Amino acid sequence: MQTTHLPGRGLVVAVISSIGTRHEGALGLVAGLYLDLSRVLRNSADDPAMRYRTGLDDDIYAHVLKTPGALTLINRTAVQLRALAEEVPVGRLVRLTAACQGGRHRSVAAAEAVGLLVWEAWGGAYGVDIEHHHVDHPALTPSTPA
């Protein structure tokens, strides 16, 4: 697992996880708000030149975010996560799980983008941790759409 830590002057308030739903036990990692990107964002893994890279690579990140509707979805998710954070008691975490099939491209890029938006909106007052559970797993073979 790889973690991006966006430090704050106060506590870590939000934990965002990226997962790949085709990995065994992945659904046991789901916590908080759930964002399934399997059908709504373009899959970088469909391109053999991108398959073995991840959403942590600048060009893959940009490729995912250029999908029509991606920025709207990411912005709305960041707003929802911030609104949820305002409702929980101090010291409690809010959680978001971003999911795609392999957990290497779409969910990683979206988790990073949402985390950055939330952290920036808080002006660095609170920390945000972004956990990528499957980013280091081997790339999966493309699946047949259901």
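**Salt bridges, sheet and core**

Mentor: Let's start with Arg53, Asp57 and Asp59, which a network of salt bridges links together. A salt bridge here is a side-chain nitrogen of Lys or Arg within 4 Å of a carboxyl oxygen of Asp or Glu. This is a predicted model, so local features need pLDDT of at least 70 and side-chain atom pairs count only at pLDDT 80 or more, while totals for chains, interfaces and linings use all residues. Residues are numbered from 1 along each chain as its sequence is written, and side-chain values use heavy atoms, leaving out hydrogens and water.

Trainee: How many salt bridges does the structure hold?

Mentor: Side chains of opposite charge can pair when their charged atoms come close. The structure holds two such bridges. Arg53 meets Asp59 at 2.8 Å, N to O, and Asp57 meets Arg53 at 3.5 Å, N to O.

Trainee: Is Asp59 buried, exposed or partly exposed?

Mentor: Buried means under 20% relative accessible area, exposed over 50%, and partly exposed in between (1.4 Å probe, protein chains only). Asp59 counts as partly exposed because its relative accessible area is 41%. Arg53, at 30%, is partly exposed, and Asp57 is too, at 27%.

Trainee: In what order do the five strands sit in the sheet?

Mentor: Strands of a sheet pair through backbone hydrogen bonds, either parallel or antiparallel. Strands (E, at least two residues) and helices (H or I, at least four) are DSSP runs numbered from the N terminus, and two strands pair if DSSP finds at least two bridges between them. Here the order is E1-E5-E2-E4-E3, in an open sheet with mixed pairing. Strands E1 (2-6) and E3 (33-36) are the edges, each pairing on one side only. E3 pairs with E4 (residues 94-100) in the parallel sense over four bridges; Leu35 has Ala98 in E4 as its bridge partner.

Trainee: Which residues have the most contacts inside the largest nonpolar core?

Mentor: In soluble globular proteins, nonpolar side chains tend to be buried together. A nonpolar core is a set of buried Ala, Val, Leu, Ile, Met, Phe, Trp, Tyr and Cys residues joined through side-chain atoms within 4.5 Å. The largest one has 28 residues, and Ile16, Leu81, Val114, Val118, Trp122 and Val128 have the most contacts inside it. Helix H3 gives the largest share, six residues.
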